[in-house]
Amino acid sequence: MLVRQLIDLRSSTFTYLLADGASGDAVLIDPVFEQFARDAALVHELGLTLRHTLETHVHADHVTAAWLFREQLGSTIVVSRTGGAQGADRLVGEGDVVSFGGETLSVLATPGHTGGCVSYLTGDRSAVFTGDSLMIRGAGRTDFQEGDARRLYRSVHDKLFALDDGCVVYPAHDYAGRLASSIGEERAFNPRLGAAHSEADFVGFMDNLGLPHPKQIDVALPANLRCGRPPADDTGARGAAWAPARRSFAGVLEVEPEWLGEHLADVQVVDVREPGEWNGELGRIPGARHLPLGELRARLGELPRDRPIVAVCRSGGRSAEASLILEQAGFSRAANMSGGMIRWHGLGLPTELA
Ligand SMILES: N[C@@H](CCC(=O)N[C@@H](CS)C(=O)NCC(=O)O)C(=O)O
Ligand SMILES: [Fe+2]
């Protein structure tokens, strides 16, 4: 099974992309709304089909991308039966199995951080996605959302610590740069729940954490109770409205040459190749403006702000950099043409020669 761990740096949330190698069927565990474009690009570039998004719980610190993925990629939304979220496609609880291709995840009910927390155990029992029930050398707080330290202690000891020592623990967050652990390691070293700590020790510890509430809680909780559906279907994270542009995993907004060929009158093409190439055998796109990449930052003032800009080079690499420079400089409608002049030529699209 393919496992990719992704992080949202603002909330220190881990998102996991899992895929069945044979069929390409995939799931995302705990996707983050603001990271939709990044995660969708990874699914796309790896040639995967996103079947489901799964939540470990109703998060208090970030908004889920579950609804966005269903809208855009047709995945089903899987959430805990006891979490209270509305608008999911499937509600799961202890013993339920979620399939994608030949792979499965079974659901362990692990409440305590919230009333509806679940963990997902891989079919071969080699890895478990614990959400905030068991964190690396930590455990989710229990001071809101029906949090209950006694329940959490029982969940971890009865369900998670019952797994094999070698089972890899993938949490929903880490605030100290740690990525993964194992059941054996946490049973031995977890300072809140492991070793000889009793339930009473744990309750005493959790009662005195004294953490401030998550910064985004007022936005995150109501949104996550709708599975991440914006209040008025305000879909700002969907991507560019002016073109069928796709943001790559590298973060570059890209349009296809075929689309550009049909919309030359509506955009400003900026060719960022060197003068020798601009005058060379690959020719130029009709109406293109020449501005070599090395001069772009200094000459941004020459570019129009009233039209979208599409950057072009020989193979699409330098122009990707150019489109990022343009976006950073406040050009809200700037993209790269993927494949560059080589692909433009290969498709037989019109060129002018010097
Ligand atoms: N400072 C973070 C909040 C961190 C936080 O409260 N995280 C929760 C998980 S939703 C937790 O259980 N933290 C346990 C801990 O930090 O020990 C924010 O503003 O988002
Ligand atoms: Fe949480």
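You're looking at a predicted model, where local features need pLDDT of at least 70, side-chain atom pairs count only at pLDDT 80 or more, and totals for chains, interfaces and linings use all residues. Residues are numbered from 1 along each chain as its sequence is written, chains are lettered from A and ligands numbered from 1 in the order written, and side-chain values use heavy atoms, leaving out hydrogens and water.

Next, click Arg141, which has a polar side-chain atom 2.6 Å from an oxygen of ligand 1. Then try Lys215: here a backbone N or O atom is 2.8 Å from a ligand oxygen. On its own, ligand 1 has 510 Å² of accessible area (Shrake-Rupley method, 1.4 Å probe), and the protein covers 84% of that.

Now show the surroundings of ligand 1 (residues with a heavy atom within 4 Å). Among them are Asp61, His113, Asp132, His173 and Tyr175. By class, this shell has four nonpolar, three polar and five charged residues.

Time to move to the largest cavity, with about 90 Å³ of space. Select Glu55, His57, Asn224 and Cys227, which are among its lining residues.

Last, colour by pLDDT, the predictor's confidence in each residue, from 0 to 100. The protein averages 94, and 97% of residues score at least 70. Over residues 233-238, though, pLDDT is below 50.

Note on methods: A polar contact is a pair of N or O atoms within 3.5 Å; within protein, one must be able to donate a hydrogen and the other to accept it, and residues adjacent in sequence count only if both atoms are side-chain atoms. Ala, Val, Leu, Ile, Met, Phe, Trp, Tyr, Cys and Pro count as nonpolar, Asp, Glu, Lys and Arg as charged, and the others, Gly among them, as polar. Contact means heavy atoms within 4.5 Å. On a 1 Å grid over the protein atoms alone, a cavity is a set of points where a 1.4 Å probe fits but cannot get out, and a pocket is an open set with protein on both sides within 12 Å along at least five of seven lines; lining residues have an atom within 4 Å of a point. Grid points are joined across faces, edges and corners, and a volume is the space filled by probe spheres set on the points.
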